[in-house]
Structures are given as structure tokens and as C-alpha cells.
Amino acid sequence: MEEIGKLLRETRVSKNISLEEVCNELRIQEKYIVAIENGDRDAFVAEVYCRTFMRSYATFLGLNAEEILKKYTESVGGDTKKNRPRLIDIPDAYRDNRSFFVKERKFFRRIGNN
């Protein structure tokens, strides 16, 4: 990802575009543009934001966004999903029958079956 960030930064600088202009035009916070340019995936809450912002940034600079995203996927080894807990990974403390979450889930299943 660092190579892609370097390419984006060099393209922006060669076109005499400031970070402020990019942020104002794309309506993306500066910290995310800087993170893309520095190759920092951890700055993003979810992978989808990284890819979406990268696509917008590349398009804004006049680059082929699909090619950039293809290189990005290759650079991260195809692992574009971070190891984050999924919604179904409920701690054991919430798995008993007295839990609010279990009761609600049963309630909504009953409604759906009618």
C-alpha cells in the first residue's frame, strides 16, 4: 500500500494540488488522505472506507481507480478484511437464556414465523 500512497502523493504534488484542496473537493478528512499517502491501513475503522476513499482520491487525480484498487488488493495479499469481531461473536456471558440479546432474538424469530 505504501507504493500506491507514494504514487498518489507524487501525482498530487506534480499537479500542484494541496491536501486542503483534495479534502474540500472530496469531503474526506485530511487524516484519511494522509493515511492513504503513508500507506496506513490501521487509520481506517473498516476496510471499505480505505478502499472507497482511495478510489475517490485516485479518480480525483485522474488515475485509473480500478487499477489502483487492483494493485492495493495485491499489495495486501488479498487480505482486505481486517480481523475484527463479527456481530455473531457474542461473548459467552450473553449466551444464557436470561440475556436480553437472547430474549430479543427469540422474540424476533417468533414474529418472523407468523
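I'll start with a group of rings: Tyr32, Phe44, Tyr49 and Phe53 form one aromatic cluster. Before going on, a note on what we are looking at. This is a predicted model, in which local features need pLDDT of at least 70 and side-chain atom pairs count only at pLDDT 80 or more, while totals for chains, interfaces and linings use all residues. Residues are numbered from 1 along each chain as its sequence is written, and side-chain values use heavy atoms, with hydrogens and water left out.

Back to the rings. In general, a pair of aromatic rings is described by the distance of the centres and the angle of the planes. Here, rings of Phe, Tyr and Trp (its six-membered ring) pair if their centres lie within 6.5 Å; planes under 30 degrees apart count as stacked, over 60 as edge-to-face and the rest as tilted. The structure has four aromatic pairs. In one of them, Tyr32 and Phe53, the ring centres are 5.6 Å apart and the planes stand at 50°, so this pair is tilted. Tyr32 belongs to helix H3 and Phe53 to helix H4, so the pair ties together parts 21 residues apart in sequence. Tyr32 and Phe53 are both buried, where buried means under 20% relative accessible area, exposed over 50% and partly exposed in between, with a 1.4 Å probe and protein chains only.

Now the overall layout. The protein has six helices and zero strands; helices (H or I, at least four residues) and strands (E, at least two) are DSSP runs, numbered from the N terminus. Of its 114 residues, 29% count as buried.

How do the axes of H3 and H4 cross? Helix H3 covers residues 30–38 and helix H4 residues 47–60; their axes come within 10 Å and cross at roughly 85°. Axes are lines fitted to C-alpha atoms, for helices over the stretch in contact, and angles run from 0 to 180 degrees between N-to-C directions. H3 and H4 are therefore roughly perpendicular to each other, the term for angles of 65 to 115 degrees; under 35 is roughly parallel, over 145 roughly antiparallel and the rest oblique. On the H3 side, the contact (heavy atoms within 4.5 Å) is made by Tyr32, Ile33, Ile36 and Glu37, and on the H4 side by Cys50, Phe53, Met54 and Tyr57.

Last, the cysteines. Cys50 is buried, with a relative accessible area of 1%, and Cys23 is buried too, at 11%. The structure holds zero disulfides, a disulfide being a pair of cysteine sulfur atoms within 2.5 Å.
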